[in-house]
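User: Please take a close look at one part of this model. I want to know how it is placed against the rest of the chain and what its neighbours are linked to.

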Amino acid sequence: MTARVESVNVGRAEANPARRNRPTGIHKRPVDGPVQVREPGPRRGGLGSGLAGDFIGDGKYHGGTDQAVYAFAREELDFWAQELGREIPDGSFGENLTLSGFDVDGARLGDVWRIGEVLLQVTDARIPCGTFRASMEVRGWLRRFTERGRSGAYLKVLSPGTVRAGLPVELVRRAGHGVGVADAFRAQTTERERMPELLRAGEDLCEQLRRQVEEAQRAAARRSG
């Protein structure tokens, strides 16, 4: 199967089932035609999305340089559709890019992907939040999603441009350190003791994730001291 973009998805501001005082853009929907991908600019409360027209409700914890674009595998959505016994359209998990035939969860931190004229670099795993849990309306959703351990990947924009459904996805740089998205996910969720291992990614460790590792190390030092 050729690796391709199944859909490009953006969200509009709507009521947040988890936080009534803050709207959310987690329910994203496919867009017909090209969508501009750019480095997120400043917005009230934080930084915005890397996709034009995409709403982010909580700019403190979502969006910005290291989370400019979120990609998820269509095959994984199909897995959950079967598990939950219901249709899961593209964009349902809040992803900007729904990809098929491409091993999103096998990516390594620092990998570079080309989609048309756009270059994107893998930065981190997606850590599920309360808004995601509430939007799915599935009992024990965060536990189930975490146990599955296939989170999709956050990306930063190296070279802007436009993307659209049907474009091929190409891996143009494979990081040599072996630290993968799945490692980052486990280290930030169920295996916190593994946080220092992420430093093996070296310069491919994004600033946001490096700060988390350093904070975890300081906390461990306080406990042992």
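Analyst: Contact here means heavy atoms within 4.5 Å. By that criterion, the buried residues of helix α5 pack against β9 (118-125) and α4 (181-188). The model is predicted, so local features need pLDDT of at least 70 and side-chain atom pairs pLDDT 80 or more, while totals for chains, interfaces and linings use all residues. Residues are numbered from 1 along each chain as its sequence is written, and side-chain values use heavy atoms, without hydrogens or water.

Helices (H or I, at least four residues) and strands (E, at least two) are DSSP runs, numbered from the N terminus.

L209, V213, A216 and A219 are the buried residues of α5 (under 20% relative accessible area; exposed is over 50%, partly exposed in between, with a 1.4 Å probe and protein chains only). Down the axis of α5 they fall within an arc of 125°, so they line one face; the arc is taken from the directions from the axis to the C-beta atoms. An α-helix has 3.6 residues a turn, so residues three or four places apart point the same way. The face of α5 turned away from its buried side carries the exposed E207 and R222.

On the neighbouring side, α4 spans 181-188, and F185 belongs to a cluster linked by ring pairs, with members including F132, W141 and Y154. Rings of Phe, Tyr and Trp (its six-membered ring) pair if their centres lie within 6.5 Å.

Notes:
Phe/Tyr/Trp six-rings, centres within 6.5 Å; stacked < 30°, edge-to-face > 60°.
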